[in-house]
Amino acid sequence: MIPDLWYKNAVIYSLSVDSFLDGNGDGVGDFRGLMRRLDYLQGLGVTAVWLMPFHPSPRRDHGYDVADYYGVDPRYGSLGDFVAFTEACRQRGIRVMMDLVINHTSDKHPWFQAALKDPSSKYKDYYIWAKKKPKDADDGVVFPGVQETTWTKSDKVGEYYFHKFYAFQPDLNIANPEVRDELRKVIGFWLALGVSGFRMDAVPFLIAADGVNVKDPEPAYEFLREIRAFAQWRTGDAVLLAEANIPPQDCIEYFGGAGDRLHMMFNFPVNQTMFYALAAGDSRPLREKLEASRGIPDTGQWANFLRNHDELDIGRLPDDQRQAVFDAFGPEPKMQLYDRGIRRRLAPMLGGDRRRMELAYSLMMTLPGTPVIRYGDEIGMGEDLSLKERLAARTPMQWSAEKNAGFTPSDEPVRPVVDEGPFAYRAVNVANQRRDPTSFLNWTERTIRMRKELPEIGWGAFDVLKTPPHILALRYDWQGRVSVFVHNLSAEAVTVRLDGDAVSEAGAPLVCLQTDDRSERKDGVHDLTLEAYGYRWYRVGGLEDMIPGDDGFTAVSRA
């Protein structure tokens, strides 16, 4: 059976149910509110929605401390509301992806509670225990300054349990076959309710080997293969997207040499070097990570993003590059997190500079892979640094200039809306930008539309063209379609010279999809002029094949 590779040319939109729209007036976003905005998402052009955790949970970690894998947090609605939501998405051609948190559960989960109540029960082996606290228990914490250890003693059991994250999130023992069976049941349950894919949380921390040696274990590669086989047996188009902040050379193990493990992975190395490129005007580290991203299976795909629900993690950059990103985008201590990240949204990081915002999105949209957009970034929302840790960038969606940004009529929203400064909801909201044809929202909608009409980015082979460091130029080939994307990372207007043979052996012209620009090859080269922070998307040869079978395509003018 040929697999459905719908994710190759998808546009994914990431959101938290509690922050999107309150449908019943209690101050918390819910599925009924989300359903009221599906036409907005369809109009924006997204083809898949990725939901943050919505399960019942003590919510000490934004729902990533799951207490019931089979339920919906009552604040968000019921299972019936969820099914109505997935059906409404299906009717609009939008797929649903959800977070799959299987590295750990909440300590309030019935499995862990059963282990505490009766250490002789089978549920104790659902988790990882040690009779003595390991010597390296305080090493490798994920949240330095907040988390002190990875092993905590249970007074009820008299042993230490392992938790890669917070103490209230005990790690599951993936080596236990019964645990694997339970997790497959969870996957099958949500696939039956209309889900098309899962974003798998903390994949590198899934431990395959039994016992207490968790210092440097081999990830659960075989279990990833089992999950994929099961999911695609149940639903042929099911997709697994991994969160794994690891070096590019290690990623092939997660895809599987035969393409039989994960379908997609977030490209964290490219994300980090992209922000360095934006900060320093230097594309060379980004080019290196793009080259290192080659060699994945034909069914594999990278997911590219700018910001997500966590901090911008730049911990893998060399010290000088990391400092350059901090200096440019998070210079104040209150903007930083865990000495490795920036807890801000994209627009304020770029100073609200429309040129740089467009440049960043143009970069992300044209990198090899599938783009993932964070809710609110399409209108340039800001953050609230008075909120603790990652909550700063998880404020309610700004729909209008009405009370609480149109998110809720309640006097107590789940989190305060941004109501001060240049990114306050009265100045930055969907309603205002819909009325303005030159707004960032309308620019984003046009850009998404063009991106969907360029399948060679998601499907084709790419080349990094030879340019000066402040320029990034990529060329794609797929089924006779050739496109070229050029980005100027500097604050000065430039003329870029591209080798004609590298662009098109046949000497075809470059036709811009955003302007009336057209470049003919002269003396073996293309000379292109770009304004400060400028970018151009070119189809090599012309526009006649922009939409197959549609001779009436009209290039979209850039606002």
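User: What separates Phe-82 and Phe-85 by about one helical turn?

Analyst: Phe-82 and Phe-85 lie three residues apart in helix 4 (residues 79–91), and therefore about one helical turn separates them. A helix here is a DSSP run of H or I with at least four residues, a strand a run of E with at least two, both numbered from the N terminus. The model is predicted: local features need pLDDT of at least 70, side-chain atom pairs count only at pLDDT 80 or more, and totals for chains, interfaces and linings use all residues. Residues are numbered from 1 along each chain as its sequence is written, and side-chain values use heavy atoms, leaving out hydrogens and water.

User: Why is the aromatic pair of Phe-82 and Phe-85 called tilted?

Analyst: Rings of Phe, Tyr and Trp (its six-membered ring) pair if their centres lie within 6.5 Å; planes under 30 degrees apart are stacked, over 60 edge-to-face, the rest tilted. Phe-82 and Phe-85 have 6.3 Å centre to centre and 50° between the planes, which makes the pair tilted.

User: What makes the pair of Phe-485 and Trp-537 edge-to-face?

Analyst: The ring centres of Phe-485 and Trp-537 are 5.5 Å apart and the planes stand at 80°, so this pair is edge-to-face. Phe-485 belongs to strand 17 (residues 481–488) and Trp-537 to strand 22 (residues 535–540), 52 residues apart, so the pair links distant parts of the chain.

User: Are Phe-485 and Trp-537 buried or exposed?

Analyst: Both Phe-485 and Trp-537 are buried, as are Phe-82 and Phe-85. Buried means under 20% relative accessible area, exposed over 50%, and partly exposed in between (1.4 Å probe, protein chains only).
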